Amino acid sequence: MATLLGSDSPSTGAKRTLCAGNIVTKFTASKITGKGFSRGTQLPGGLLQERDKRAKWHGIPTLLQKLYESSHPNSDLSQAHSFLKVLSSQLSMEAMSFVTEDRKTAQESTFPNTYTFDLFGGVDLLVEVLMRPTLTMQKKKPKMNDDLVKDCLSVLYNCCICTEGVTKSLAARDDFVLFLFTLMTNKKTFLQTATLIEDILGVKKEMIQLEGIPNLSGLVQSFDQQQLANFCRILSVTISEPDVGNDDKHTLLAKNAQQKRNASPSRAEVNQVTLLNIPGFIERLCKLATRKVSEATGANFLQELEDWYTWLDNALVLDALMQMATEETEQSSTESSDESSLSTSPLRHRLPQSMKIVHEIMYKVEVLYVLCVLLMGRQRNQVHKMLAEFRLIPGLNNLFDKLIWRKYTASNHVVHGQNENCDCSPEISFKIQFLRLLQSFSDHHENKYLLLNSQELNELSAISMKANIPEVEALVNTDRSLVCDGKKGLLTRLLTVMKREPPDSSFRFWQARAVESFLRGATSYADQMFLLKRGLLEHILFCIIDSGCTSRDVLQSYFDLLGELMKFNIDAFKRFNKYVNTPEKFQTFLTQINSSLVDSNMLVRCIVLSLDRFESQTEDVKVVEVLSECCLLSYMARVENRLSFLFRLINIINVQTLTQENVSCLNTSLVILMLARRKAKLPFYLNALREKEYAEKYPGCLLNNFHNLLRFWQRHYLNKDKDSTCLENSSCIPFSYWKETVSVLLGSDRTSLCAIASYIDEPFMDLDKDLLED
């Protein structure tokens, strides 16, 4: 409290400090207990003035007292507004220093004015002033001056960012939070209101229910496109499932337990339904996402500058603008520096356009995020139908070269999760959000063919005809009026920029994920050949073997993409062998695979499945030729190599560490054993696991772990339709055979040669039998 109290002379310091300290202590205690003093107006003005200079309060308690006295219900509030303006100027300086100093931790010593304002009841007083019109019994509610409302909101926002606890205390007041939404109907106060709501919802313990907002549908429909884009920043907090910070809670065991406890839809899911029920909402978002910069509305440049107020809390935006200004200044540095020349310089004319572009990009980031979340929700099919109808994909395709990937942007950032706060520049955020949307749009959905244009769809048909295989039903059913326009579809444009990215760029991760999602599901030979003809396989192998890429995230995404691209495709394996044409290259490839099986196991699964199918097609001369020549197939054909993968896949996971990311290791190990069972070799593999245990001097450890993993597998997959469908589609093995194989492996008959129990000696049986107990 030293900052508040100031210093005193040796003779009177102790007494004076005690007096000032008592005031501060009593206010602090009243905030905690709710008893005693609650605001400065309860103290004599003379006492406040006497202590003000010594405590370095800068007249704030006195001004608050005047503000309180001039803001009673029957006053016109003009005098109160003048006092608020004085307070606002004092607090805004601290808020600006907070923004420009990398958002240091809010504390009283750093921002004494804001702290004092809150301590003496300023925040509560402004909330009271704002909500006063709602408390009147009159039918016609009194209207407050717009400028007064804006200043109240600005001061509250400054307090939120500079003083710890203010945002949480406002968030705890549901009546105030819902009231703030009503202020968004006024265009003059919209931006300040939206900024404050966003901060409050970010710390609110319980997610707000959108259906509780008065006349939400009318409110959203009253927004212009610019307001709707800003509103998406708020919506993103209300429709996303909150992140769980502890890694343990990301385990499938914990997630399954959570789902049992919360069988009903979450608040986020309920909010998603509420939004979808607003007439025209998705259509307007699609228009926002696909509009060109030249179509962005705005009365004039001064209005545009004023709108930027809401973004200035993000210093990265300022950095982006300043960088543009610097670049354009350098370009025009050869011109004369006299006043007439400056008035016509490129900087003066082009900076507003640059600002407009970044402004539009940041709008689109928020809109694409909302669409992406809705695409991954329970109403996915409904959202998909609307996005197709409103031509989102063709619209994004038309923006690709001129806005989305208009220039190269360096991105060596870590790969961000779906709900993670991103410190990236607007350009980087926009590209990542665009790629996430493509991934969600294509993943296991027949609408993925909308990413192509008519000529490319015809190419797929021709590939199927040449191979004498039927066209995929989803391709036949694609509405040609909704596909991409122009010379290239969106998928082809993505492949083009993908090849230009530096090896460790985090864009590579999202690009690979987006392309992989196009291939996921039931394997389509035509889809694979479409991408193979565009050199995708060679590009992936270059990145894995020759580029020096060290990013585990990027490598994992490329392994997964390579697996989908090569699965069951003999032409892909032939191309692989042509590229990996030396023992050194093949060894480098194997080293990358073996360095992290969690990352590469989907590719291992693809090779195992493909080998099994090719071995049953020995009447095909081409298949026989590739089988005999391909180093990758020859390597996997050796049983000792398959066993080596099986040992490690089982060993790197256990029930407590299973997550959505590494559960694929369990399924890959199951694929190896299912294929062995088909050939009546399951006992051989189980016995090899037993021998490995004894060789490592850990009898029972590996097999007991696998037994527990399979028990978990039954609980997890037999209750989840989507996962079981994915397993069947990706492996071309009926899910009934998956279930049957797991049941056989878990059989309790110790005389069965296909039961794990038969290979665990009695003393080592069920080491972890209570692992799965609730």
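**Figure 1. Contacts of Pro683 in the predicted model.** Leu753, Cys754 and Tyr759 are the residues that Pro683 touches, once neighbours within four places in sequence are set aside. The model shown here and in the other views is predicted. Pro683 belongs to helix 38, which covers residues 682–695. Between Pro683 and Cys754 there are 71 residues in sequence, but their C-alpha atoms are 5.5 Å apart in space. Pro683 has a relative accessible area of 24%, so Pro683 is classed as partly exposed.

**Figure 2. Ser217 in helix 12.** Helix 12 is made of residues 216–222 and includes Ser217. Ser217 is in contact with Ile278 and Pro279, leaving aside neighbours within four places in sequence. Phe281 is 64 residues from Ser217 in sequence, and the C-alpha atoms of these two residues are 9.0 Å apart. With a relative accessible area of 25%, Ser217 is partly exposed.

**Figure 3. Gln225 and the residues around it.** Gln225 is located in helix 13, residues 225–239. Beyond four places in sequence, Gln225 touches Arg284, Lys287, Leu288 and Arg291. Is Gln225 buried or exposed? Its relative accessibility is 19%, so Gln225 counts as buried; the cut-off for buried is under 20%.

**Figure 4. Ser70 in the loop between helix 4 and helix 5.** Helix 4 spans 60–69 and helix 5 spans 78–100, with Ser70 in the loop between them. The side chain of Ser70 comes to 2.8 Å from the backbone oxygen of Lys66. Ser70 is buried because its relative accessibility is 9%.

Figure 5. Helix 29 runs over residues 536–546, and eight of its eleven residues are buried, so the helix is largely enclosed by the rest of the structure. The buried residues are Leu536, Leu537, His539, Ile540, Leu541, Cys543, Ile544 and Ile545. Among the elements that cover them are helix 26 (490–498), helix 27 (506–519) and helix 28. Helix 30, helix 31 (570–579) and helix 32 (583–595) also take part in this cover. Just after helix 29, Gly548 has a positive phi of about 80°.

**Figure 6. Cysteines without disulfides.** How many disulfides does a search of the whole structure find? The search finds zero. For Cys543, the closest cysteine sulfur is in Cys549, and the two sulfurs are 6.9 Å apart, which is too far for a bond. A disulfide would need the sulfur atoms to be within 2.5 Å. Cys543 is buried, with a relative accessible area of 4%. Cys286 is also buried, and its relative accessible area is 1%.

**Figure 7. Helix 28 against helix 30.** The axes of helix 28 and helix 30 (residues 552–566) come within 9 Å, crossing at roughly 120°. The two helices are therefore oblique to each other. On the side of helix 28, the contact is made by Gln528, Leu531 and Leu532. On the side of helix 30, Glu564, Leu565 and Met566 take part.

**Figure 8. Helix 31 and its N-terminal cap.** Of the ten residues of helix 31, seven are buried, so this helix is largely enclosed by the rest of the structure. They are Ile570, Asp571, Ala572, Phe573, Phe576, Asn577 and Tyr579. The N-terminal end of helix 31 is capped by Asn569, which has a side-chain oxygen 3.0 Å from the backbone nitrogen of Asp571.

**Figure 9. Confidence along the chain.** The mean pLDDT of the chain is 82, with 76% of residues reaching 70 or more. Where in the chain is confidence lowest, and where is it highest? The lowest is in helix 1 (residues 2–5), with a mean of 36, and the highest is in helix 28 (residues 525–532), at 98. Residues 244–249 have pLDDT under 50, and the model gives them five contacts beyond four places in sequence. Residues 416–422 are also below 50, and this stretch has 18 contacts in the model beyond near neighbours in sequence.

Definitions and conventions:
Residues numbered from 1 in each chain as written. Heavy atoms only, no water. Helix = DSSP H or I, 4+ residues; strand = E, 2+ residues; numbered from the N terminus. Buried < 20%, exposed > 50% of the residue type's maximum accessible area, 1.4 Å probe, protein only. Contact = heavy atoms within 4.5 Å. Polar contact = N/O pair within 3.5 Å; in protein donor to acceptor, adjacent residues only side chain to side chain. pLDDT = per-residue confidence, 0-100. Axes fitted to C-alpha atoms, helices over the stretch in contact; angles between N-to-C directions. Parallel < 35°, antiparallel > 145°, perpendicular 65-115°, else oblique.
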